[in-house]
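Here are my notes on the model you sent, as numbered points. Please read them with the structure open beside you.

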Amino acid sequence: MDEIRTPVPVSFEFFPPNTPVGSEKLRGVVAELAATKPEFFSVTYGAGGSTREKTLSTVSEIAAMGHEAAAHLSCIGATRESIAEILATYRERGIRRLVALRGDLPSGTATAGEFRHASDLVRFIRETQAGDSWHIEVAAYPEYHPQERYAKRDLQHFADKVAAGADSAITQFFFNPDAYFHFVEQARALGVTVPIVPGVMPFHNYARIAQFAQRDGIEIPRWVALKMEGFMDDVASIRAFGLDVVTQACERLIAGGVPGIHFYTLNQSALALEICKRLAGPV
């Protein structure tokens with residue numbers, strides 16, 4: 001596949017596959033998205049470390065394919081000893097990029113472990129042996145964390161993560177660029193200077209994305225929701241309209257000077273690749 005030159009750096013997020021068929025499919029997805037020369041590919045980490053080994057194997061395989069790979073690492077329910085062990089394994093595999101998160105406790109788990117906040121995890125990573133060798137990403141929430149009642153407090157939590165040693169941030173997905181620009185402005189006012197990369201979710205499946213958005217307090221503009229619902233089972237129209245909406249949002253973000261774009265792929269390449277082609281423009 002010919003190289004796709006996007007106006008800003010891009011990166012892509014996957015979840016670790018559960019089956020050999022899923023793993024084989026993901027190899028093909030990585031190979032296709034590699035045409036964009038991404039800054040990195042990241043792999044998520046299940047609640048309480050439930051996908052620890054699958055995350056490690058997926059990240060290691062992506063790195064072995066010659067790509068920069070970032071491992072998600074959540075700390076809720078973990079001990080300092082267990083996190084140190086994971087870090088040592090990643091160092092051995094040559095993985096130097098981490099997405100440091102608080103994470104969620106698995107259902108039925110009572111203890112939160114030795115870390116309360118993502119800032120505690122970032123600080124711990126920096127204090128470990130070779131702590132300066134890691135590139136640490138943290139999460140940001142343009143429409144604020146769904147579990148935080150006050151926007152001001154959520155912004156301070158974000159600033160605390162950066163002050164603890166984060167190199168850059170990736171936002172939760174959103175569909176309103178104004179929310180991103182306002183969040184960045186507020187973060188800069190608190191003294192945050194690291195790059196804040198917007199996270200973008202293509203409309204792979206409208207019902208599923210709407211469910212994610214409702215769960216996480218993310219606004220889907222009313223006109224978009226009504227249009228999508230009006231298409232009903234017209235998959236082709238949903239796909240075409242969704243591509244237009246997300247591409248236009250990306251174009252506005254790029255025009256506003258974003259440092260890059262991070263795509264939530266749901267382990268699929270077609271939509272993210274098409275958006276990158278549109279952003280790249282005619283060859």
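1. The largest pocket has a volume of about 1500 Å³. Of its 45 lining residues, L101, G103, D104, Y141 and Q172 are the closest to the centre. A pocket here is an open set of points on a 1 Å grid over the protein atoms alone, with protein on both sides within 12 Å along at least five of seven lines, and a lining residue has an atom within 4 Å of a point. Grid points are joined across faces, edges and corners, and the volume is the space filled by probe spheres set on the points.

2. The model is predicted, so local features need pLDDT of at least 70 and side-chain atom pairs count only at pLDDT 80 or more, while totals for chains, interfaces and linings use all residues. Residues are numbered from 1 along each chain as its sequence is written, and side-chain values use heavy atoms, with hydrogens and water left out.

3. Which helix gives the largest share of the lining of the largest pocket? Helix α5 (residues 151-163) does, with five residues. Helices (H or I, at least four residues) and strands (E, at least two) are DSSP runs numbered from the N terminus. By class, this lining has 20 nonpolar, 15 polar and 10 charged residues. Ala, Val, Leu, Ile, Met, Phe, Trp, Tyr, Cys and Pro count as nonpolar, Asp, Glu, Lys and Arg as charged, and the others, Gly among them, as polar.

4. The second largest pocket holds about 250 Å³ of space. It is lined by 16 residues, and H204, N205, Y206, V235 and I238 are the closest to its centre. Helices α8 (222-231), α9 (235-255) and α10 (270-280) each give two or more residues to this lining. The largest share, three residues, comes from α9. The classes are eight nonpolar, four polar and four charged residues.

5. There are also two cavities of 30 Å³ or more. A cavity is a set of grid points where a 1.4 Å probe fits but cannot get out. The largest cavity has about 60 Å³ of space, and its lining is F174, F175, V200, M201, V245, V246, A249 and L253. Helix α9 gives the most to this lining, with four residues. By class, the lining has eight nonpolar, no polar and no charged residues.

6. The second largest cavity has about 40 Å³ of space. Ten residues line this cavity, and Y141, E143, Y144, Q172 and I218 lie nearest its centre. Its lining has six nonpolar, two polar and two charged residues.

7. Now the chain as a whole, which has 10 helices and eight strands. Its radius of gyration is 18 Å, close to the 19 Å that the globule rule gives for 283 residues, so the chain is as compact as a globular protein of that length. The radius is taken over C-alpha atoms, and the rule is 2.2 Å times the number of residues to the power 0.38. Of the 283 residues, 51% count as buried; buried means under 20% relative accessible area, with a 1.4 Å probe and protein chains only. Among contacts with a separation of 6 or more, 78% are between residues 24 or more positions apart, where contact means heavy atoms within 4.5 Å.

8. Helix α10 deserves a look. Its buried residues are L271, A272, L273, I275, C276 and L279. Their cover includes β1 (10-14), α1 (20-33), α9 and β8 (261-264). I275 lies in this helix and counts as buried because its relative accessibility is 0%. Leaving out residues up to four places away in sequence, I275 touches P202, L243, V246, T247, C250 and F263.

9. Please check the backbone around this helix. In the loop between β8 and α10 sits L266, which has a positive phi of about 50 degrees although it is not a glycine. N267 lies in the loop between β8 and α10 and has a positive phi of about 60 degrees, again without being a glycine. L266 is buried at a relative accessible area of 17%, and N267 is buried at 7%. Just after α10, G281 takes a positive phi of about 80 degrees.

How values were computed. Buried means under 20% relative accessible area, exposed over 50%, partly exposed in between (1.4 Å probe, protein chains only).
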